[in-house]
Amino acid sequence: MTENARTADAAFVEFAHVQKSYDGETLVVKDLNLDIGKGEFLTMLGPSGSGKTTCLMMLAGFETATHGEIRLGGRPINNIPPYKRGIGMVFQNYALFPHMTVAENLAFPLEVRHIGRTEREAKVARALDMVQMGAFGGRRPAQLSGGQQQRVALARALVFEPELVLMDEPLGALDKQLREHMQFEIKRIADNLGITVVYVTHDQTEALTMSDRVAVFDDGRIQQLAPPDVLYEEPENSFVAQFIGENNTLVGVVREINDGVALVELDDGELIDAKPVNVTRPGERTRVSIRPERVEFNKARLQPGAHTLKAEVLEFIYMGDIFRTRLRVAGNDDFIVKTRNAPDQRRMQPGEQIEIGWLPTDCRALDA
Amino acid sequence: MSDITRNDGPTGPMLAADGTPLKRSLARSLRRQKLRALMLIAPLLVFVLVTFIAPIADMLFRSVENQIVSETLPETVLALRDWDAKAGSLPEEPVFAALAADLQAAVAAKTHTRLGSRLNYENSGISSLFRKSGRDVGKWDMTTDGPFREKFIEIDKGWGDIGVWQTIKTYSPRYTPGYFLNAVDLAKGVDGIEARAANERIYITLFLRTLWMSLTITASCLILGYPVAWLLANLRASSANVLMILVLLPFWTSLLVRTSAWKVLLQQQGVINDLLVWIGLVGDANRLVMINNQFGTILAMTHVLLPFMILPLYSVMKTIPPSYLRAAKSLGATDWTAFWRVYFPQSVPGIGAGSILVFIIAIGYYITPELVGGTKGVFISNRIAFHISSSLNWGLGAALGAILLVAVLLLYWAYDKIVGIDNVKLG
């Protein structure tokens, strides 16, 4: 994996065997090991309650690790209070101080660092210009729109030039269009400044578009840590396959494994080929995972001798750029196929009987 | 409705579909709703008018009302019009004749003693003068028994005192500022308004003491209540509920019981003194005086009014997300800076609401100072109560009450100017 390739001293942020429990009975974070490189944009992605926000709060210093060590720049920070860590943070609800103007909000971290007035004003102006909010210095946060508040919160987290910035679902409250715009904006600023960003979200699209690497959290553990393309195309287990993107699942038993191809017998008796990912021996139950856009109707494009399955079209949805077809495949009524809206693309009718197939490499046999 | 609605010119107001002005149709369509709303609050409105607004207005009116003199002694008041106390001589015979006639009528109607009591507020001794004279004047024959001047002075030398006549003349108008002057330790003398004798000046001191003690009580409530409210707003729900019950417990206990409990605790033979003596901190001969003085009043009232400070503070603090403090700390502020620069300013509306509430309740408080205040720790309200129920000088009581009301409104206005009333939040 990628993080193994990094040498230990290159890691800027390190979580070493970190555990966290709130009640002394259950672990919210179970043995977290994570190295984040300098200048990296790392996203912690996961459903709510998966422990990702707790990890962020431990890094920021608002929660203490029950066990293990967190290091920043090689220095253990477990016992350093938040205000001495020098980590910038953008909060979910922005947490802009309502009784201060935008400029006063930005000046706050500089004031507590006893930075002189002229330098302070210059830095505030520069930070506001960076997020295109230069004209709003005199406004109160309540007079700004959600997107503007978000920009100000970002500028405030950056104005004191931290090397590490944490973001806790910063775009959660924005509408879709603004959110997509801000994703690029944040990514651009982070790249320009060369800062390290740890970003928490439950929105997988956000994670995929912005990150250098994504850590998928579930049940207090990192399920997979990989760059977005690897995460999407080569999920290592069922949870990741289900959580990232849309996914079709077929359940069955492994019959044989030869040359990196597993023969899987589905529960209704049909046989398919798949790439064994975390199945090792025949007889094991497996969930076979295939992306909706990798399903093939055109037999000419399949490998000779490839297994195909019978399918019945249940529903056809026209979505503009793509067609979304719902099929019944091997007893699964929710098998989705996505096809590009090309001039030669067929529009299937409900009730139609067709045959589908795929390349064995696109079909991954995962844990049951 | 405004003029615009009556102006139906072509360039005039917006018209509804049927040609009537839009404003008028809107008013018509809302009238039903408004009527219904009025009907719903009508019972409460009537109740409040009858039991609250009207009695208060009546009491405030009594602070200037003075018809009793001109109604009981109409002829005398007329006859006195040309007399001037500054001349230094008693009124002439016609005045005494008028007084005799008026008194006879008053004796028959049995109103002369009431007039006596009324004038006695201004000049003590007049009450007995009227009572005594009433007995004899009733038997006089108005046509034959004159002249009356010497006969009056014969009954009581008081009638030969210019001061008595001065008082009658001063208080003959139907309305008088006398009660108000009295309430601020002034009096109407021969040469206009003058200060009362030093030993009669009590109200200004009492007003200042009431103000000072209320401020002290408000400040102590704030100092004690702020951390409790903070805990309430930041503890886990289960612990916060227990704490909330403890805060509310005093509300469920009778005020008299709580005040009596303070008596038990604070008196010289009480629990606290016994304990201190037993520990040896205080000698048996030097037991602390903690009750029947200002200390006792401030302590007991702080306890009684504490929930009124905590609850508004709590409801405001509850709305301050913890992320503000976190944000401040992540930006490099120490715990204290984060509190002082970020949390405290946002809790100011709660401080304002709690302080106004406590201060206004405290400034008019009666029961607790009455029970634990002794003589040094009583409020102006205790004096008002005295005038209403013991001395029966309702006019003075009303004047004191009116001054208290105006003072509170003035402070409220000042608060609005300085802090801004829209900065007050009760939740």
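Is B:Phe308 buried, partly exposed or exposed? Keep that one in mind while we look around; this is a predicted model, and we'll get to the answer on the way.

**Stop 1: the layout of chain B.** Colour residues 4-62, 67-176 and 203-423 separately: these are domain 1, domain 2 and domain 3. From domain 1 to domain 3 of chain B, the C-alpha centres are 41 Å apart.

Stop 2: Over all chains, the whole structure holds 24 aromatic pairs. B:Phe96 belongs to helix α5 (residues 93-109) and B:Phe152 to helix α8 (residues 148-155), so you're seeing a link between distant parts of the chain, 56 residues apart. B:Phe96 counts as buried because its relative accessibility is 0%, and B:Phe152 is buried at 0% as well.

**Stop 3: an edge-to-face pair.** Now pick B:Phe251 and B:Phe308, which sit edge-to-face, 5.2 Å centre to centre with 80° between the planes. B:Phe251 is in helix α12 (residues 237-252) and B:Phe308 in helix α15 (residues 294-318), so this pair ties together parts 57 residues apart in sequence. And here's your answer: B:Phe308 is partly exposed, with a relative accessible area of 25%. B:Phe251 is partly exposed too, at 34%.

**Stop 4: over to chain A.** Show A:Lys38 and A:Phe12; the lysine lies over the ring face, 4.0 Å from the ring centre. Finish with A:Arg291, whose charged end is over the ring of A:Tyr232, 4.0 Å from its centre.

Key
Residues numbered from 1 in each chain as written. Chains lettered and ligands numbered in written order. Predicted model: local features only at pLDDT ≥ 70, side-chain atom pairs only at ≥ 80, totals over all residues. Heavy atoms only, no water. Domains from an automatic or database assignment. Phe/Tyr/Trp six-rings, centres within 6.5 Å; stacked < 30°, edge-to-face > 60°. Helix = DSSP H or I, 4+ residues; strand = E, 2+ residues; numbered from the N terminus. Buried < 20%, exposed > 50% of the residue type's maximum accessible area, 1.4 Å probe, protein only. Lys NZ or Arg CZ within 6 Å of the ring centre and 35° of its normal.
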